[in-house]
Structure formats: structure tokens, C-alpha cells
Amino acid sequence: MRHVKSNSFAARITGTGSAFPKNRVTNDDIVKKLQASGIETSDRWIRERTGIRERRIADIENPAEHNSSLGLAAAKKALDMAGKTEKDIDQILYATCTPDTLVPSTACWLQHKIGASQAWAMDINAACSGLIYAVATAKQFIQTGQVKTSLVIGADLLSPFTNWQDRGSCILFGDAAGALVIEREAADSKHQILSCHMLSNGNLWELFYIPAGGSSMEVTPGRYSKNLHKMRMYGKEIFKVAVRTLVDFAQQALAENKIDIRELDWFVPHQANLRIIEAVADRLKFPMEKVLINVDKYGNTSSATIPSVLDEAVRDGRIKNGQTILLDAFGAGLTYGAILLRW
Ligand code: UT7
């Protein structure tokens with residue numbers, strides 16, 4: 001970690017990148033897969049209830065599609081956009097709840113693969129809110145002068161933890177990585193991360209969890225056969241909490257910055273379900289044309305949704321210098337958070 005004797009900088013996103021596995025899995029592919037186990041679903045049900053048409057599923061036998069490898073591909077694109085190399089990275093913050101290995105961290109795997117010898121690296125697990133928590137952490141280190149350039153990754157492979165016997169959850173998820181380069185900026189810069197608001201509610205842990213595979217429950221053959229190493233989700237309950245908290249955090253971020261919602265250029269919500277996003281936009285009275293969406297193409301990619309949809313909009317020119325953008329997420333934990341920024 002580099003130390004600089006100064007205390008008042010701003011932090012700015014200067015590069016974005018994303019990467020996806022090759023295998024495109026359509027709703028019809030899932031219908032066939034479930035039919036083989038005697039479970040009914042349909043392309044129509046999935047589209048109408050979630051807005052998802054297809055997602056990417058990693059081949060974990062292929063090292064090029066491991067979490068850290070997708071993170072690496074996304075990171076290279078983000079560094080390229082920022083005009084930086086791996087040698088410029090002071091800090092790697094890797095938001096993931098599906099690490100390559102429990103130890104070492106996926107951040108260290110990425111450091112090894114990218115060759116960022118000046119950096120210190122750690123994982124952050126806040127599930128689907130991970131990117132928000134990691135950006136907030138980067139901002140703190142940059143603001144205090146301890147870090148000049150931070151590489152923030154949001155990447156998850158939820159497919160290895162998906163229970164293909166559970167039609168309520170298996171239709172939702174996809175695998176992906178997104179990356180952001182965040183750099184030091186003058187404190188009075190027009191282009192900066194303005195605020196970060198986060199909160200967790202561990203009391204709601206049961207709404208989304210994976211029982212086995214951590215230190216409290218080893219995966220034994222008996223537990224494996226009961227799918228205890230796969231995700232458990234209470235979708236209906238999460239849906240309600242998600243709509244309420246996404247609205248609350250958006251309003252809080254705007255109010256504390258004294259920014260009217262009509263001044264917002266882009267709203268970038270976590271991509272879990274199009275119906276959640278539409279319900280939030282409706283409550284905020286915010287036009288859907290100014291909401292970034294990629295859930296139709298990739299499903300819920302957990303901590304990768306926000307950086308990947310942001311990357312798409314930066315690269316196709318929708319996001320422009322000086323625009324005001326709100327990132328807003330919820331995830332397992334439960335965790336919540338919003339970030340307001342000027343691009
Ligand atoms: O980052 C956190 C990740 N999780 C989430 O964000 C989940 C948020 N929740 C959701 O996205 C939605 O609640 C779901 C998509 C999971 C479910 O949609 P819903 O509109 O809340 O459906 P539901 O759970 O109320 O189920 C309605 C019906 C049920 O049948 P009955 O009881 O009415 O006969 C389900 O059994 O739909 C049935 N169903 C399905 N039918 C066909 C559930 N999954 C499927 C399916 N295909 N895949």
C-alpha cells in the first residue's frame with residue numbers, strides 16, 4: 001500500500017470493462033433441462049415474470065472461464081479504457097460471493113494473473129450489493145490519499161451453486177464479471193463519486209443462503225445429495241424487500257446530495273428481475289428510458305450486474321461526461337446500498 005501525506009481527494013471512475021462466458025443458455029434450453037427432471041416451466045413464464053431471455057453459464061472445467069479469469073478479462077478492458085497498466089494498480093477489491101477458492105482470495109488470484117505487483121488485494125462479499133460496497137471502500141482509500149488507483153471487480157459464477165431442481169431460482173442467474181478503474185481526482189473535481197450509502201440486515205439471512213460449504217457445515221456426501229451446497233431462495237419475500245429498499249436508498253442518496261430526481265441522467269439498479277426494476281422506477285416516477293437494463297441478456301449476475309451494464313452504456317456512448325448517475329443494489333445478507341456520482 002502506498003502512503004501519501006494528504007487527506008482530501010475525490011475518486012472518479014475512469015475505466016469500465018466486462019466479460020461473459022461463451023455458453024449462451026436461452027429460456028428454451030432451461031425448459032428442456034428441467035423437463036428431463038419432470039419439472040415444468042416455459043419461456044413465456046420466465047420472460048413475463050423476470051424479463052430474462054437468456055444468460056451465460058461458465059464452463060468451470062475451462063480455466064479461462066473461472067471467476068478470476070473473467071475478472072481478468074474485464075479488468076484488462078477497464079485498464080485499457082483508463083490508459084493504465086497493471087503496474088499502476090495500488091489496490092484490488094474483488095466483490096464476489098462465489099470465489100475461485102476460499103483461500104486464497106479471488107483478488108489474489110487476479111493479482112497473480114494480471115501481475116499487479118504493487119497492489120494489495122482482498123475480496124469483499126456482500127453478494128449482489130458487492131460492487132457498491134467495493135466502490136465505497138475504494139473511495140475511502142482514495143479520499144484519504146492511501147491509494148491512487150484502485151481496480152474494483154464485481155464478478156460471480158452462481159451457476160455452480162444453482163439447484164436445477166428448483167424452478168423458482170434456477171431460471172434467474174447467470175455468470176459474468178465487470179471491472180472499474182477508480183482513480184484519485186482533485187477534491188473539487190466535477191467528475192467524482194459523490195456519496196455512498198450502505199446498510200445490511202443480517203436478520204434476513206434466510207431469504208437467500210447456501211447452507212453448506214463454509215466452516216459451519218462441511219459438504220459431506222449426505223449433504224451433497226440433499227443439495228445443501230446449493231442456493232436457497234425465498235423469491236417472493238426478496239422481491240418485496242428489494243423494491244422497498246431500492247426506492248429508499250435512491251431517495252436517500254438524492255436527498256442527501258440535494259439532487260432532484262429529474263436531474264438524474266441514468267439510474268443503474270441491480271439487475272435481478274425486470275419487474276423489480278419497473279416497480280422501483282414507477283415508485284420513483286422515473287422514466288424507464290433512463291434506466292440501464294441488461295437483465296434480459298444475462299440474467300442476475302450478482303455483483304457483476306452494475307459494472308457490466310455500466311460498461312455497455314459507456315462503450316455505446318449513452319453515458320457522457322458530466323452526467324449524474326445513481327447505482328442502487330440489494331443482495332443476500334441482506335445487503336443494500338446506493339452510490340451517486342458525476343461521470
Ligand atoms: O439477488 C437476490 C436474488 N433473488 C431475487 O432477486 C429474487 C426476487 N424475486 C423474484 O424475482 C420473483 O419472486 C421470482 C421470479 C423468483 C418468482 O416470481 P413470482 O411472480 O414472485 O412468482 P411466485 O413465487 O409467486 O410463484 C407464482 C407461481 C407459483 O405457482 P402457484 O403456487 O401459483 O401454483 C410457482 O410455483 O409460479 C410458479 N413458478 C413457476 N412456474 C413456471 C415458480 N417458478 C416457476 C417457473 N416456471 N420457473
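Student: How do I read the packing of helix H8 against helix H9?

Tutor: Two packed helices are described by the angle between their axes and the distance between the axes. In this predicted model, the axes of H8 (residues 235-256) and H9 (residues 274-284) come within 9 Å and cross at roughly 40 degrees. Axes are lines fitted to C-alpha atoms, for helices over the stretch in contact, with angles from 0 to 180 degrees between N-to-C directions. Helices (H or I, at least four residues) and strands (E, at least two) are DSSP runs, numbered from the N terminus.

Student: Which residues of H8 and H9 meet?

Tutor: Contact means heavy atoms within 4.5 Å. From H8, Phe239, Ala242, Val243, Leu246, Val247, Ala250 and Gln251 meet Arg275, Ile276, Ala279, Val280, Arg283 and Leu284 of H9.

Student: What is the strand order in the open sheet?

Tutor: Two strands pair if DSSP finds at least two bridges between them. The 5 strands run in the order S1-S7-S6-S4-S5, with mixed pairing. S1 (9-19) and S5 (120-124) stand at the edges with a single partner strand each, so one side of each lacks a neighbour in the sheet. The twist averages 20 degrees from one strand to the next.

Student: How many bridges join S4 to S5?

Tutor: S4 (residues 91-95) is joined to S5 by 5 bridges, and the two run parallel. Gln91 stands opposite Trp120 in S5.

Student: What rules apply to numbering and atoms?

Tutor: Residues are numbered from 1 along each chain as its sequence is written, and side-chain values use heavy atoms, leaving out hydrogens and water. Local features need pLDDT of at least 70, side-chain atom pairs count only at pLDDT 80 or more, and totals for chains, interfaces and linings use all residues.
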